[in-house]
Amino acid sequence: SGTDNTASNATFVGTYTGYSNTGINNTLVGFKAGKVNTSGYNNTYVGSYVGENSTGCKNTYVGGQAGQNSTSSNGTFIGFQAGGNNTSYDNTFIGYYCGNNNTGFRNTFMGTNCGKNSGTSSNCIALGCGAGVNNTGNNNVMIGRDTGKVNTAIGNVFIGYVSGPNN
């Protein structure tokens with residue numbers, strides 16, 4: 001833990017955890033958690049590979065590989081690979097693969113695969129298994145299983161099983 005660490009006020013627990021950490025006030029727990037957190041500060045990462053190769057600030061990531069390769073800030077990612085490869089800010093992703101590969105900001109996604117591969121979509125709410133998958137539109141509300149899948153439009157509200165696909 002913390003082999004090349006130059007930060008202060010840090011807590012690292014686990015093999016390779018915080019390995020190259022230079023940020024301050026980080027709590028990193030789990031195998032390779034925050035391994036290459038070279039500039040992030042005020043982060044809490046819990047789980048194996050959580051926040052590995054991530055550089056964001058003021059994040060809470062919980063679950064295997066949550067926030068991996070992410071540069072986001074002010075994010076809450078909970079679930080296996082939730083928020084992986086995210087490069088933006090102010091996002092909340094809760095669920096298995098939730099918000100994975102999203103680069104938009106101010107999104108709230110809850111549910112398995114919810115908002116996965118949603119690209120630059122921003123200011124969206126997606127609730128339900130598969131809601132908002134591949135959605136690239138902004139300012140949308142998608143509630144229900146598989147709602148708003150492959151949506152590219154702006155400012156819509158989709159409620160109900162598979163509503164608004166390919167819109």
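**Close-up views of a predicted model**

Ring pairs link Tyr 45, Tyr 61, Phe 77, Phe 93 and Phe 109 into a cluster. The model is predicted.

**View A. Tyr 45 and Tyr 61 stack within the ring cluster.** Across the whole structure, a search finds eleven aromatic pairs. Tyr 45 and Tyr 61 form a stacked one, at 4.8 Å centre to centre with 0° between the planes. The pair links distant parts of the chain, 16 residues apart. Tyr 45 sits in strand β3 (residues 44-46), and Tyr 61 in strand β4. Tyr 45 is buried, because its relative accessibility is 0% and the cut-off is under 20%. Tyr 61 is likewise buried, at 0%.

**View B. Phe 80 and Tyr 97 meet edge-to-face.** The ring centres of Phe 80 and Tyr 97 are 5.8 Å apart. Their planes stand at 75°, so the pair counts as edge-to-face. Phe 80 lies in the loop between β5 and β6, whereas Tyr 97 lies in the loop between β6 and β7 (108-110). The pair therefore ties together parts that are 17 residues apart in sequence. Phe 80 is partly exposed, with a relative accessible area of 32%. Tyr 97 is buried, at 19%.

**View C. Tyr 45 in the largest nonpolar core.** This core holds 18 residues. Tyr 45, Tyr 61, Phe 109, Cys 114 and Ala 126 touch the most other members. Leaving aside residues up to four places away in sequence, the contacts of Tyr 45 include Thr 27, Leu 28, Val 29, Ala 33 and Gly 34. Also among them are Val 50, Gly 51, Ser 54, Gly 56, Asn 59 and its ring partner Tyr 61.

**View D. Asn 86 is a buried loop residue.** Asn 86 is found in the loop between β5 (76-78) and β6 (92-94). Its relative accessible area is 0%, so Asn 86 counts as buried. Beyond residues up to four places away in sequence, Asn 86 touches Asn 69, Ser 70, Thr 71 and Ser 72, among others. Its contacts also include Phe 77 and Phe 93, two members of the ring cluster. Asn 91, Asn 102, Thr 103 and Gly 104 are likewise among the residues it touches.

**View E. A nonpolar patch on the surface.** Val 46, Val 62, Ile 78, Ile 94, Met 110, Ile 125, Leu 127, Ile 143, Val 157 and Ile 159 form the patch. Together they have about 750 Å² of accessible area. The elements that give two or more residues to the patch are β8 (125-127) and β10 (157-159). Val 62 belongs to strand β4 (residues 60-62). At 31% relative accessibility, Val 62 is partly exposed.

Notes. Residues are numbered from 1 along each chain as its sequence is written. This is a predicted model: local features need pLDDT of at least 70, side-chain atom pairs count only at pLDDT 80 or more; totals for chains, interfaces and linings use all residues. Side-chain values use heavy atoms; hydrogens and water are left out. Patches are made of residues with over 30% relative accessible area and no salt bridge: like charges are joined within 9 Å, nonpolar side chains (Val, Leu, Ile, Met, Phe, Trp, Tyr) within 5 Å. Accessible areas come from the Shrake-Rupley method with a 1.4 Å probe; for residues, only the protein chains shown count as cover. A salt bridge is a side-chain nitrogen of Lys or Arg within 4 Å of a carboxyl oxygen of Asp or Glu. Helices (H or I, at least four residues) and strands (E, at least two) are DSSP runs, numbered from the N terminus. Buried means under 20% relative accessible area, exposed over 50%, partly exposed in between (1.4 Å probe, protein chains only). Contact means heavy atoms within 4.5 Å. A nonpolar core is a set of buried Ala, Val, Leu, Ile, Met, Phe, Trp, Tyr and Cys residues joined through side-chain atoms within 4.5 Å. Rings of Phe, Tyr and Trp (its six-membered ring) pair if their centres lie within 6.5 Å; planes under 30 degrees apart count as stacked, over 60 as edge-to-face and the rest as tilted.
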